[in-house]
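Look at the structure below together with its sequence.

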Amino acid sequence: MTVARQQVTQARRIVVKVGSSSLTTASGGLDADRVDALVDVLAKIRSGGEKEIVLVSSGAIAAGLAPLGLARRPKDLARQQAAASVGQGLLVARYTASFARYGVRVGQVLLTSDDTSRRAHYRNAYRTLDQLLAMGAVPVINENDTVATDEIRFGDNDRLAALVAHLVRADLLVLLSDVDGLYDGDPSQPGTSLIGEVRGPADIEHVQIGSAGRAGVGTGGMVTKVEAARIATAAGVPVVLTSAVRAAEALTGRAAGTYFHSTGRRSADRLLWLAHASTPQGALILDDGAVRAVVEGRKSLLPAGIAAVEGEFSAGDPVELRDTLGRAVARGLVNFDAKEIPQLLGRSTRELAQELGPEYEREVVHRDDLVVLHP
């Protein structure tokens, strides 16, 4: 067994993500046999009590298509939310029944990006998931499609799974789909081969990565899976990418799929969510001194360093911090409404406190709520 596969077998807390195409029929309904087959594997992996499983499951929208008489996944957000509302209940009911065969309870957790980029919400999400695992349950996580708007959506469950792996401090992320790994070309064409291990982004720079899946019921594709692997590995979490039918092989350390080595250090920092799961609601233009303070000095952003403000946002919203050339250098949660900031531009906090009151003697973006994008 290779060192990479040994790390798979040694992983204690594992996040498993499964795509819609691996759980549903082509017409959109849940395939009970496929769900049961996946649960059989996961229940066996955790049966000794030494391993914990967190399941990030797509399939809610796809499961709701047939009951609502929809022939295909709708493109508009309102009908997607309606399908998710019907399908999420069916999906969790199916998992509940399937895991019950092994005496295992499941707990449903629905997330939006807004839940996890804000400090208090992030802590609450971690505590809930950690407690479910401590009590022997399997968290079943999905994006909260029924209420998520375009501004607060993760966009795909591959990225959600990578961020959940970081959130729960997982030892391993396993991405399951209808393709058995990353290939150096179109796997349907002769002459292509499976890439067994990826040690860093340079290993796959030459690879043409496809997008849409064959089933047409999901939103992802190989592009989103490779991006998810990049996010997770940069946060210190290794990744296995393979097909759902090879889940047992992948989780027991056999040579299945593609193994992505971790490239960064593990961290409990929620700022990974701010960088990858938030949608900026506006922008603050920084002068050169403020850019250096934020990017190089890792300092908070003060009013004195802001040259201009763009967009409409409220206190607590994510905003981009840009240099004078318009390049995004950081992202953070702002402490003031957009309409308040013009009167603060270029002024010291002491001056503002004297004129406007003590509540204005604070950072526009605190360093604890700020992530540098391009150091």
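## Helices against the sheet

Helix α4, made of residues 77–100, lies across β1, β2, β3 and β4. Its direction runs at about 155 degrees to that of β3. Helices (H or I, at least four residues) and strands (E, at least two) are DSSP runs, numbered from the N terminus. Angles run from 0 to 180 degrees between N-to-C directions, with axes fitted as lines to C-alpha atoms, for helices over the stretch in contact.

This is a predicted model, in which local features need pLDDT of at least 70 and side-chain atom pairs count only at pLDDT 80 or more, while totals for chains, interfaces and linings use all residues. Residues are numbered from 1 along each chain as its sequence is written, and side-chain values use heavy atoms, leaving out hydrogens and water.

## The sheet

Eight strands form an open sheet with mixed pairing, in the order β3-β4-β2-β1-β5-β7-β8-β6. The edges are β3 (106–111) and β6 (197–198); each has a single partner strand, so one side of each has no neighbour in the sheet. Two strands pair if DSSP finds at least two bridges between them.

Strand β3 runs parallel to β4 (residues 138–143), and six bridges join them. Val106 has Val138 in β4 as its bridge partner. Helix α2 (residues 32–46) also packs on the sheet, touching β1 (13–18), β2 (52–57), β4 and β5 (172–177); contact means heavy atoms within 4.5 Å. The direction of α2 makes about 155 degrees with that of β2.

## Salt bridges

The whole structure holds 18 salt bridges, each being a side-chain nitrogen of Lys or Arg within 4 Å of a carboxyl oxygen of Asp or Glu. Among them is the one between Asp130 and Arg13, at 3.0 Å from N to O. Asp130 belongs to helix α6 (residues 119–134) and Arg13 to strand β1, so the pair ties together parts 117 residues apart in sequence. A network of salt bridges links Arg12, Arg13, Glu52 and Asp130.

How exposed are the partners? Buried means under 20% relative accessible area, exposed over 50%, and partly exposed in between (1.4 Å probe, protein chains only). Asp130 is partly exposed at 25%, whereas Arg13 is buried at 10%.

## Two further pairs

In the salt bridge of Arg322 with Glu320, the closest N and O atoms are 2.9 Å apart. Arg322 is partly exposed at 22%, and Glu320 is buried at 16%.

Glu355 and Arg347 form another salt bridge, with 2.2 Å between the closest N and O atoms. Here Glu355 is exposed at 51%, while Arg347 is buried at 16%.
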